[in-house]
Amino acid sequence: MRLDVVTIFPEYLAPLNVSLVGKAAARGQLDVRIHDLRSWTHDRHNTVDDTPYGGGPGMVMKPEPWGEALDEIIASGDGDAPVIVVPTPSGRPFTQELAVELSAKPWLVFTPARYEGIDRRVIEEYADRCDLREVSVGDYVLAGGEAPVLVMVEAIARLLPGVLGNAASHQDDSFAPGPMANLLEGPVYTKPPEWRGRGIPEVLLSGHHGKIARWRRDEAFRRTTANRPELIEGADPAAYDKKDREI
Ligand SMILES: COC(=O)COc1cccc(COC(=O)c2cn[nH]c2)c1
(Lines give C-alpha, C1' and ligand atoms only; values in the text may rest on other atoms or scores of the structure.)
Protein backbone atom coordinates (compact mmCIF):
# COMPACT_ATOMS: atom_id res chain seq x y z
CA MET A 1 0.00 0.00 0.00
CA ARG A 2 1.11 3.51 -0.88
CA LEU A 3 0.23 6.27 1.59
CA ASP A 4 0.71 9.96 0.79
CA VAL A 5 0.10 12.73 3.31
CA VAL A 6 0.07 16.43 2.35
CA THR A 7 0.47 18.75 5.35
CA ILE A 8 1.97 22.07 6.45
CA PHE A 9 3.43 20.21 9.46
CA PRO A 10 5.37 17.25 7.99
CA GLU A 11 7.21 16.79 11.30
CA TYR A 12 3.85 16.02 12.90
CA LEU A 13 3.73 12.82 10.83
CA ALA A 14 7.17 11.63 11.99
CA PRO A 15 5.58 8.94 14.21
CA LEU A 16 4.57 7.15 11.00
CA ASN A 17 8.22 6.16 10.65
CA VAL A 18 8.40 4.35 14.01
CA SER A 19 6.75 1.27 15.66
CA LEU A 20 4.09 -0.79 13.84
CA VAL A 21 3.81 1.53 10.86
CA GLY A 22 7.56 2.14 10.75
CA LYS A 23 8.34 -1.58 10.63
CA ALA A 24 5.79 -2.20 7.86
CA ALA A 25 7.30 0.66 5.87
CA ALA A 26 10.79 -0.76 6.41
CA ARG A 27 9.54 -4.16 5.17
CA GLY A 28 8.20 -2.51 2.05
CA GLN A 29 4.58 -3.33 2.90
CA LEU A 30 3.88 0.36 3.19
CA ASP A 31 5.24 3.14 0.99
CA VAL A 32 4.75 6.25 3.15
CA ARG A 33 5.40 9.65 1.52
CA ILE A 34 4.99 12.85 3.55
CA HIS A 35 4.73 16.09 1.53
CA ASP A 36 4.98 19.70 2.72
CA LEU A 37 2.09 21.63 1.15
CA ARG A 38 4.29 24.74 1.10
CA SER A 39 6.40 23.03 -1.60
CA TRP A 40 3.58 24.04 -3.95
CA THR A 41 3.54 27.74 -3.01
CA HIS A 42 5.48 30.31 -5.05
CA ASP A 43 5.37 33.51 -3.03
CA ARG A 44 8.04 34.76 -0.66
CA HIS A 45 5.97 33.83 2.41
CA ASN A 46 4.85 30.40 1.13
CA THR A 47 1.25 31.46 1.75
CA VAL A 48 -1.30 28.66 2.14
CA ASP A 49 -4.23 30.55 3.70
CA ASP A 50 -6.35 33.64 3.21
CA THR A 51 -9.40 35.36 4.75
CA PRO A 52 -12.79 33.67 4.31
CA TYR A 53 -15.27 35.01 1.72
CA GLY A 54 -18.39 36.12 3.58
CA GLY A 55 -16.29 37.11 6.58
CA GLY A 56 -16.09 35.25 9.86
CA PRO A 57 -13.26 34.20 12.15
CA GLY A 58 -10.07 32.43 11.14
CA MET A 59 -8.51 31.69 7.79
CA VAL A 60 -9.24 29.29 4.94
CA MET A 61 -6.67 27.19 3.08
CA LYS A 62 -6.20 28.49 -0.48
CA PRO A 63 -7.15 26.13 -3.32
CA GLU A 64 -4.10 26.68 -5.57
CA PRO A 65 -1.41 24.94 -3.47
CA TRP A 66 -3.70 21.95 -2.83
CA GLY A 67 -4.56 21.71 -6.52
CA GLU A 68 -0.91 21.73 -7.60
CA ALA A 69 0.04 19.25 -4.86
CA LEU A 70 -2.75 16.77 -5.57
CA ASP A 71 -2.31 17.01 -9.36
CA GLU A 72 1.39 16.19 -9.01
CA ILE A 73 0.85 13.36 -6.53
CA ILE A 74 -1.98 11.78 -8.55
CA ALA A 75 0.12 12.06 -11.74
CA SER A 76 3.00 10.26 -10.00
CA GLY A 77 0.90 7.10 -9.64
CA ASP A 78 1.21 4.37 -12.25
CA GLY A 79 -2.30 4.84 -13.56
CA ASP A 80 -4.64 3.90 -10.74
CA ALA A 81 -6.32 6.76 -8.88
CA PRO A 82 -5.90 6.99 -5.10
CA VAL A 83 -8.62 7.19 -2.49
CA ILE A 84 -8.37 10.69 -1.05
CA VAL A 85 -9.15 10.86 2.68
CA VAL A 86 -9.99 14.28 4.15
CA PRO A 87 -10.09 14.38 7.96
CA THR A 88 -12.87 16.77 9.04
CA PRO A 89 -15.29 17.13 11.96
CA SER A 90 -18.09 17.22 9.40
CA GLY A 91 -17.18 13.91 7.76
CA ARG A 92 -18.62 10.41 8.03
CA PRO A 93 -17.50 8.52 11.15
CA PHE A 94 -14.23 6.60 10.92
CA THR A 95 -15.12 3.06 12.01
CA GLN A 96 -13.42 -0.33 12.06
CA GLU A 97 -15.54 -1.15 9.02
CA LEU A 98 -14.11 1.84 7.12
CA ALA A 99 -10.60 0.93 8.31
CA VAL A 100 -11.11 -2.56 6.87
CA GLU A 101 -12.39 -1.13 3.57
CA LEU A 102 -9.48 1.31 3.24
CA SER A 103 -6.91 -1.34 4.19
CA ALA A 104 -7.82 -3.15 0.95
CA LYS A 105 -7.04 -0.11 -1.24
CA PRO A 106 -3.69 0.06 -3.04
CA TRP A 107 -3.20 3.84 -2.53
CA LEU A 108 -4.48 6.37 -0.02
CA VAL A 109 -3.79 10.15 -0.04
CA PHE A 110 -4.53 11.98 3.22
CA THR A 111 -5.12 15.76 3.18
CA PRO A 112 -5.09 17.04 6.77
CA ALA A 113 -6.28 20.65 6.92
CA ARG A 114 -5.45 23.47 9.31
CA TYR A 115 -7.20 26.78 10.01
CA GLU A 116 -10.96 26.64 9.32
CA GLY A 117 -10.49 24.12 6.54
CA ILE A 118 -9.77 23.83 2.83
CA ASP A 119 -11.57 25.90 0.15
CA ARG A 120 -14.61 23.78 -0.77
CA ARG A 121 -13.75 23.85 -4.45
CA VAL A 122 -10.73 21.60 -3.80
CA ILE A 123 -13.00 18.91 -2.36
CA GLU A 124 -15.42 19.28 -5.29
CA GLU A 125 -12.59 19.12 -7.85
CA TYR A 126 -11.05 15.92 -6.49
CA ALA A 127 -14.36 14.25 -5.63
CA ASP A 128 -15.08 14.55 -9.37
CA ARG A 129 -11.79 12.85 -10.24
CA CYS A 130 -11.19 10.35 -7.45
CA ASP A 131 -12.91 8.38 -4.72
CA LEU A 132 -12.82 11.09 -2.05
CA ARG A 133 -13.96 10.44 1.54
CA GLU A 134 -14.53 13.14 4.19
CA VAL A 135 -13.95 11.31 7.47
CA SER A 136 -14.38 12.27 11.14
CA VAL A 137 -12.44 10.54 13.92
CA GLY A 138 -14.72 11.99 16.58
CA ASP A 139 -17.18 14.70 17.52
CA TYR A 140 -14.72 17.41 18.49
CA VAL A 141 -12.71 20.03 16.64
CA LEU A 142 -8.90 19.86 16.47
CA ALA A 143 -6.50 22.53 15.26
CA GLY A 144 -5.58 20.30 12.34
CA GLY A 145 -6.16 16.98 10.63
CA GLU A 146 -2.68 15.54 11.30
CA ALA A 147 -3.60 13.70 14.52
CA PRO A 148 -6.65 12.13 12.78
CA VAL A 149 -4.28 10.92 10.02
CA LEU A 150 -2.06 9.21 12.62
CA VAL A 151 -5.15 7.55 14.10
CA MET A 152 -6.52 6.37 10.76
CA VAL A 153 -3.16 5.16 9.42
CA GLU A 154 -2.54 3.10 12.55
CA ALA A 155 -6.04 1.55 12.43
CA ILE A 156 -5.57 0.72 8.72
CA ALA A 157 -1.92 -0.41 8.75
CA ARG A 158 -2.43 -2.92 11.59
CA LEU A 159 -4.94 -4.71 9.35
CA LEU A 160 -2.43 -5.26 6.56
CA PRO A 161 -1.40 -8.91 6.36
CA GLY A 162 1.78 -9.53 8.34
CA VAL A 163 1.82 -6.06 9.87
CA LEU A 164 0.11 -7.14 13.10
CA GLY A 165 2.14 -9.94 14.70
CA ASN A 166 -0.68 -12.40 15.32
CA ALA A 167 -3.09 -12.41 12.40
CA ALA A 168 -5.83 -13.78 14.68
CA SER A 169 -5.66 -10.68 16.86
CA HIS A 170 -8.00 -8.57 14.81
CA GLN A 171 -10.72 -11.19 14.54
CA ASP A 172 -11.46 -10.29 18.18
CA ASP A 173 -11.08 -6.57 17.68
CA SER A 174 -13.82 -4.45 19.11
CA PHE A 175 -16.23 -3.79 16.24
CA ALA A 176 -14.75 -6.60 14.08
CA PRO A 177 -17.48 -8.37 12.05
CA GLY A 178 -18.86 -11.68 13.32
CA PRO A 179 -21.01 -12.77 16.30
CA MET A 180 -19.09 -10.45 18.64
CA ALA A 181 -19.59 -7.56 16.20
CA ASN A 182 -20.46 -4.22 17.75
CA LEU A 183 -19.29 -5.29 21.20
CA LEU A 184 -16.47 -3.70 23.14
CA GLU A 185 -13.63 -5.97 24.20
CA GLY A 186 -13.82 -7.37 27.72
CA PRO A 187 -11.08 -7.30 30.40
CA VAL A 188 -7.74 -9.05 29.88
CA TYR A 189 -5.37 -10.54 32.49
CA THR A 190 -1.87 -12.01 32.59
CA LYS A 191 0.64 -13.26 35.22
CA PRO A 192 1.14 -12.89 38.18
CA PRO A 193 -1.93 -14.86 39.39
CA GLU A 194 -2.23 -12.44 42.31
CA TRP A 195 -1.27 -8.78 42.33
CA ARG A 196 -1.81 -6.46 45.32
CA GLY A 197 -4.35 -8.91 46.70
CA ARG A 198 -6.25 -9.04 43.43
CA GLY A 199 -6.70 -12.44 41.78
CA ILE A 200 -7.85 -13.69 38.35
CA PRO A 201 -11.47 -14.64 37.47
CA GLU A 202 -11.57 -18.40 38.20
CA VAL A 203 -13.10 -19.27 34.82
CA LEU A 204 -9.94 -18.05 33.05
CA LEU A 205 -7.88 -20.59 35.01
CA SER A 206 -10.34 -23.44 34.31
CA GLY A 207 -9.02 -24.44 30.89
CA HIS A 208 -12.68 -24.90 29.86
CA HIS A 209 -12.70 -23.06 26.54
CA GLY A 210 -16.48 -23.05 26.19
CA LYS A 211 -16.98 -21.46 29.59
CA ILE A 212 -14.14 -19.01 28.91
CA ALA A 213 -15.69 -17.93 25.60
CA ARG A 214 -19.11 -17.44 27.24
CA TRP A 215 -17.57 -15.48 30.12
CA ARG A 216 -15.72 -13.24 27.66
CA ARG A 217 -18.91 -12.66 25.66
CA ASP A 218 -20.86 -11.83 28.81
CA GLU A 219 -18.15 -9.42 29.95
CA ALA A 220 -18.17 -7.78 26.51
CA PHE A 221 -21.96 -7.39 26.75
CA ARG A 222 -21.69 -5.97 30.25
CA ARG A 223 -19.03 -3.44 29.31
CA THR A 224 -20.84 -2.45 26.11
CA THR A 225 -24.13 -1.98 27.97
CA ALA A 226 -22.33 0.22 30.49
CA ASN A 227 -20.22 2.31 28.12
CA ARG A 228 -21.87 2.15 24.69
CA PRO A 229 -25.51 1.05 25.06
CA GLU A 230 -26.26 2.39 21.59
CA LEU A 231 -24.13 -0.39 20.10
CA ILE A 232 -26.21 -3.11 21.73
CA GLU A 233 -29.30 -2.87 19.52
CA GLY A 234 -27.12 -4.00 16.62
CA ALA A 235 -26.16 -7.15 18.52
CA ASP A 236 -28.06 -10.41 18.08
CA PRO A 237 -28.00 -12.44 21.35
CA ALA A 238 -29.29 -15.52 19.47
CA ALA A 239 -26.13 -15.44 17.33
CA TYR A 240 -24.07 -15.64 20.50
CA ASP A 241 -25.88 -18.70 21.76
CA LYS A 242 -25.42 -20.35 18.35
CA LYS A 243 -21.69 -19.50 18.55
CA ASP A 244 -21.45 -21.13 22.00
CA ARG A 245 -23.10 -24.30 20.70
CA GLU A 246 -20.45 -24.43 17.94
CA ILE A 247 -17.64 -24.46 20.50
C1 LIG B 1 -13.09 19.68 3.68
O2 LIG B 1 -12.55 19.40 4.97
C3 LIG B 1 -11.89 20.43 5.58
O4 LIG B 1 -11.78 21.52 5.08
C5 LIG B 1 -11.30 20.09 6.91
O6 LIG B 1 -11.70 21.13 7.81
C7 LIG B 1 -11.26 21.08 9.10
C8 LIG B 1 -11.64 22.10 9.95
C9 LIG B 1 -11.23 22.08 11.28
C10 LIG B 1 -10.42 21.05 11.76
C11 LIG B 1 -10.05 20.02 10.90
C12 LIG B 1 -9.19 18.89 11.41
O13 LIG B 1 -9.98 17.71 11.62
C14 LIG B 1 -10.63 17.63 12.85
O15 LIG B 1 -10.62 18.52 13.67
C16 LIG B 1 -11.38 16.38 13.09
C17 LIG B 1 -11.41 15.29 12.26
N18 LIG B 1 -12.21 14.38 12.87
N19 LIG B 1 -12.68 14.88 14.03
C20 LIG B 1 -12.19 16.12 14.17
C21 LIG B 1 -10.46 20.02 9.56
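**Salt bridges around arginine 129**

Glutamate 125 and arginine 129 join their side chains in a salt bridge, with N and O 2.8 Å apart. The model is a predicted one. Both residues belong to helix α4. They sit four residues apart, about one turn of the helix. Glutamate 125 is partly exposed, at 36% relative accessible area. Arginine 129 is also partly exposed, with a relative accessibility of 41%.

The side chain of aspartate 71 meets the side chain of arginine 129 in a salt bridge, at 3.0 Å from N to O. Aspartate 71 lies in helix α2 (residues 63-75), while arginine 129 lies in helix α4 (residues 120-129), so this pair ties together parts that are 58 residues apart in sequence. How accessible is aspartate 71, buried or partly exposed? Aspartate 71 is partly exposed, with a relative accessible area of 34%.

Asp71, Glu125 and Arg129 are linked in a network of salt bridges. Arginine 129 meets glutamate 125 within helix α4. Arginine 129 also meets aspartate 71, which lies in helix α2.

Now turn to aspartate 119. Which residue does aspartate 119 pair with in a salt bridge? The partner is arginine 121, and the closest N and O atoms are 2.7 Å apart. Aspartate 119 counts as buried, because its relative accessibility is 13% and the cut-off for buried is under 20%.

These pairs are part of a longer list. The count for the model comes to 13 salt bridges, including the one between aspartate 119 and arginine 121.

Note on methods
Residues are numbered from 1 along each chain as its sequence is written. This is a predicted model: local features need pLDDT of at least 70, side-chain atom pairs count only at pLDDT 80 or more; totals for chains, interfaces and linings use all residues. Side-chain values use heavy atoms; hydrogens and water are left out. A salt bridge is a side-chain nitrogen of Lys or Arg within 4 Å of a carboxyl oxygen of Asp or Glu. Helices (H or I, at least four residues) and strands (E, at least two) are DSSP runs, numbered from the N terminus. Buried means under 20% relative accessible area, exposed over 50%, partly exposed in between (1.4 Å probe, protein chains only).
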